[in-house]
Amino acid sequence: MKENHHLTLFRTLLVLLLLSLYNHISAQGLTYATKQPNDFWKNVQFGGGIGLNFSSGYTDVFLAPSAIYNFNHIVALGAGINLNYVDSNNYYSSLIYGISTIVLINPIPEIQFSVGLNESRVNYQEEGFSDYSEDYWDTSLILGAGYRTGNVTIGVGYNVLQNDRYDTDPFVPFVRAYF
């Protein structure tokens with residue numbers, strides 16, 4: 001039942017995005033122009049996030065490369081992959097990997113709103129006194145807002161699909177950079 005809910009939510013978001021793009025394209029009307037060079041790659045930006053956290057007996061490594069396509073100076077759509085490894089000595093270790101999509105909206109240059117859909121596979125293993133392990137899929141839909149300066153945005157997101165069993169906090173701070 002839960003997977004059907006996520007699939008329905010994803011399909012609804014995809015249909016809304018496609019309808020909005022169709023509306024934008026059809027509003028331009030028919031024009032006949034001379035053949036111009038393809039500007040696709042001029043509108044693509046690469047970036048993402050990287051994170052390293054080390055302390056006594058604790059390691060957390062995060063890598064999330066992604067790319068976005070800027071439809072105009074207001075709307076961008078992107079996709080990425082993510083990999084996260086966490087190890088806490090003699091307590092637990094976790095490997096998380098997955099894919100993500102993101103829609104970025106910049107109503108003014110300094111403000112950025114985002115909608116991100118992430119699907120991740122979580123491999124969790126307790127160590128020491130317990131041999132407990134668990135593998136599961138985790139879906140998150142994160143609505144975010146941030147302050148943008150140049151190619152960098154700093155902000156916070158909220159996971160509206162928070163699963164109390166697995167997620168400790170629905171708020172997700174982020175630093176996002178695209179070049």
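What share of the 179 residues of the protein count as buried? Here are a few friendly notes on that and on the pocket.

1. Burial and surface. Please keep in mind that this is a predicted model. Of the protein's 179 residues, 31% count as buried. The accessible surface amounts to about 12,300 Å², and carbon and sulfur atoms account for 63% of that area.

2. Overall build. You will find one helix and eight strands in the protein. Read from the N terminus, the order is α-β-β-β-β-β-β-β-β. Taking contacts between residues at least 6 apart in sequence, 43% of them join residues at least 24 apart.

3. The largest pocket. The space in the largest pocket is about 1,700 Å³, and 44 residues line it. If you want to centre your view, F62, N84, N118, I142 and V172 are the lining residues that lie nearest the centre of the pocket.

4. Where the lining comes from. Two or more lining residues of the largest pocket are given by each of β1 (44-55), β2 (58-70), β3 (75-88), β4 (92-108), β5 (111-126), β6 (133-149) and β8 (171-178). Which element gives the largest share of that lining? That is β8, with seven residues.

5. By residue class, the lining of the largest pocket holds 23 nonpolar residues, 16 polar ones and five charged ones.

Methods: Residues are numbered from 1 along each chain as its sequence is written. This is a predicted model: local features need pLDDT of at least 70, side-chain atom pairs count only at pLDDT 80 or more; totals for chains, interfaces and linings use all residues. Side-chain values use heavy atoms; hydrogens and water are left out. On a 1 Å grid over the protein atoms alone, a cavity is a set of points where a 1.4 Å probe fits but cannot get out, and a pocket is an open set with protein on both sides within 12 Å along at least five of seven lines; lining residues have an atom within 4 Å of a point. Grid points are joined across faces, edges and corners, and a volume is the space filled by probe spheres set on the points. Helices (H or I, at least four residues) and strands (E, at least two) are DSSP runs, numbered from the N terminus. Ala, Val, Leu, Ile, Met, Phe, Trp, Tyr, Cys and Pro count as nonpolar, Asp, Glu, Lys and Arg as charged, and the others, Gly among them, as polar. Buried means under 20% relative accessible area, exposed over 50%, partly exposed in between (1.4 Å probe, protein chains only). Contact means heavy atoms within 4.5 Å. Accessible areas come from the Shrake-Rupley method with a 1.4 Å probe; for residues, only the protein chains shown count as cover.
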